[in-house]
Amino acid sequence: MRLISLEITNFRVIKQARLNFPDKVIGIIGRNGSGKSSIIEAISWALYGNQAARTGRDEIKASYAGASENCEVALEFSVNDEQYRVVRRLVGRNQQAEAQLWRGDAPESVGVNETNRYTAELLGLDWRGFLSSFLARQQELNALSDLQPSKRRDHIAGMLGIERLDKAIGRVKDDSRLSAARVDVLDRQLSDRQLVERSVAELTDKLGVLRAPLDRLEQVFKDVQKKFTELTEAYRQAQQKEARWRESRVRIEAESKSLAAQQARLETLRKESADLDQARSERDSLTEPLQRLPVVRKELDELNRRKAEAALREELNGQRERLNREAGTISTKLAESDKQRREIADELGGIPDDIDDQVEATREQLEQAREEYSHLSAEIKSKERERAKLEDQISSIAEFGPESVCDRCLRPLGDDLESIRQHFGQELDQLRGDIADLSAGQARLKESGAESKRRFEKSQQQSQAAYKLKLKIKGLDESDADLKGRAEDCRRRLKQVEDQLSKIPSESFDPAAMAKLTDELATLDSKQQRYNQLEGSLVRQPQVIREIDECGARIEEIRAAVSSLHDELAELRFDEKEYAELGAAFAEGQKQVEVEREEFLRATREKELAEKELDEKLKRLKGFDKTAAELEEHRSAHYYGEKLSGLLAEYRKDLIASIRPSLAEISSRLIAEMTDDQYSLVDLDEKYNLRVMDSGEYFGVERFSGGEKDLANLCLRMAISLALTESAGLQRSFVILDEVFGSQDVQRKELILKALANLKSRFPQILLVTHVEDIKDGVEELIMVESTGAGWSEVKVDGEKI
């Protein structure tokens, strides 16, 4: 089997990739978790489906793919020079599995199960055998030398598919155990034969007793049933007559009720017609009085006009009087405002015009006096501190004498003590005189400052008074302007009132006449409403006349129908008493039929049960012969099953023993080719310990270097693959080596790569899957798998994205 190409869409972390597989050493390199192993898994999934995947179906489709996007893998390969193409998909939201396989351009299989079966038959391997044949992992290589002998032997047997022989042995043993159990059951069943034969004799006698009265009971049941059939027909005819009689009675009752309703309606219509005639007479009597209604309304409208004019004249006279009073009030307020204005002018005359300038000047004088006073106070305090310090120095000199040290030059005073004391006394007198002069000047400044403060406060009071008087004048100006505006408004409104009064005619208004006309209009309006009401009711009079005629005709129809129904009742000649007696006879006959039927059925069932039981006993007697034959068959099956399981166990033992030389021979050829004949012989002992000949002597692989040990294990693993593919009829196949470099150093990696290059005659295609990037230069074609960081990976061949 050779690989040709692989197309991947949304499989695991690989979003899109197309790979070709030439006859070369191909490196598939990527970091752990990048998805390089997904390429290998895609090959096995395309061939065998979900059973060859390492996870369930829900995790095969890429998580980043949309719900409607498909997961698809297409693999092209050849077997014995025949080219095939298998396509497997997970389609749509529900991930419906689909699979197809072509040989050349012709379809060979459609559907998941059919494609799985066809692939297994084509390759001669199930999915486990395929993985064991074509895929070698590092942990498998380690297991070949690191496991205990018994576990190593079982591990190799499992890789070679010998576990299927183990399953066959297990099934043979299970069948043998089942046959033994069945023998016990059949032995117990045959022990009941004599008991069954006695039961057959007893049941035969019982059936003879039961058959005698059965014919008599059947004839009695048939006679009673025949009589009941005749009675049933008579009762059915009576029921039909009773139904027609009851229906006629119901219709007569319904028509009678309808006749009563029509008669009541006719009476109501006649009364309504009489009422309408009376309404017409009343309407005609109202026609003459209502002719005065328009005249009264016109006269009343004229009186309402005069009443409105009189009310308006009175309202306008009141407005004229109010406006005259308001104009007088405004004149009085304007006179009072002139008087206040003159008084304010007199007060302002006593205040200087430059009073604000005087306030500012006195404020500056006061601020200057305060600053000078503060300056003198600070200077006096400074002089006081100097005086206190000088007095302390004089006191210190007097206390320590000539040995005192000058606080400025730090030299002893010595003979200069007296002159220094005199000098300090002069300075002290000078300071005291300066303090006295400064205090006197401060007292004078305080007195002048008090005078400045009085002048400032007086000028400030005058300024505030002038400001308030000016505000009053401004308020009076605003008030006078408002009053003058109001006075002008009063004159304008007064003129309007005079103009309106001149336009109103001087006509008289009579309240008594208006009250009389109002009462008359109310009476006439009431009559008009009654007239309209009567006129509206008279609209129905023609319809009432028609309904009276129709109702009379309907009454005659109903009377005719009732008479006809009475005639039908007379023709039926139905007798309720006879019908009741016939019903009682029918019920009694039905009861008698049921009794006879139950008696007949009871006897029949008892006979049938006895016959059934007898038949079962007879069948059981016949079955005893069959059971005896089956017992002998299961005894033979148990015996030969035990023999066969023993033979298969011996065959398994011989098979494993015969496989060792074959694997050793193939491993020897491989290691010779991979090492250029440096090592040419490999041996497997009975415990499947791997040994390599060196200098004419076999040594365990633990004696050799790590790289040589890995190489020997690799040869054994590849020998197993060759043995499996050759047994399946596949030649010149490929092999996949997954992470076989482990943690080897650079020399070991180079040794393995060089050795693999020598195997092209046996394995035209060698796929190396690894995370070790420093083997890039050692492979003939490079496939890089790199994570994009967006949840999917890119696949590049020789640096180009595909």
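Helix H12 covers residues 511–537, and its 27 residues reach 39 Å from the first C-alpha to the last, close to the 39 Å expected at 1.5 Å a residue; the expected span is 1.5 Å times one less than the number of residues. Helices here are DSSP runs of H or I with at least four residues, numbered from the N terminus. The model is predicted, so that local features need pLDDT of at least 70 and side-chain atom pairs count only at pLDDT 80 or more, while totals for chains, interfaces and linings use all residues. Residues are numbered from 1 along each chain as its sequence is written, and side-chain values use heavy atoms, with hydrogens and water left out.

Along H12, Met514, Leu517, Leu521, Leu524 and Leu534 are buried (under 20% relative accessible area, 1.4 Å probe, protein chains only). The buried residues of H12 pack against helix H8 (214–286) and helix H9 (293–349), where contact means heavy atoms within 4.5 Å.

Two packed helices are described by the angle between their axes and the distance between the axes. The axes of H9 and H12 come within 10 Å and cross at roughly 145°; they are lines fitted to C-alpha atoms over the stretch in contact, with angles from 0 to 180 degrees between N-to-C directions.

Elsewhere, Thr119 lies in helix H2 (residues 112–123). Thr119 counts as buried because its relative accessibility is 1%. Not counting residues up to four places away in sequence, Thr119 touches Leu47, Tyr48 and Leu101.

Definitions and conventions
Helices (H or I, at least four residues) and strands (E, at least two) are DSSP runs, numbered from the N terminus. Buried means under 20% relative accessible area, exposed over 50%, partly exposed in between (1.4 Å probe, protein chains only).
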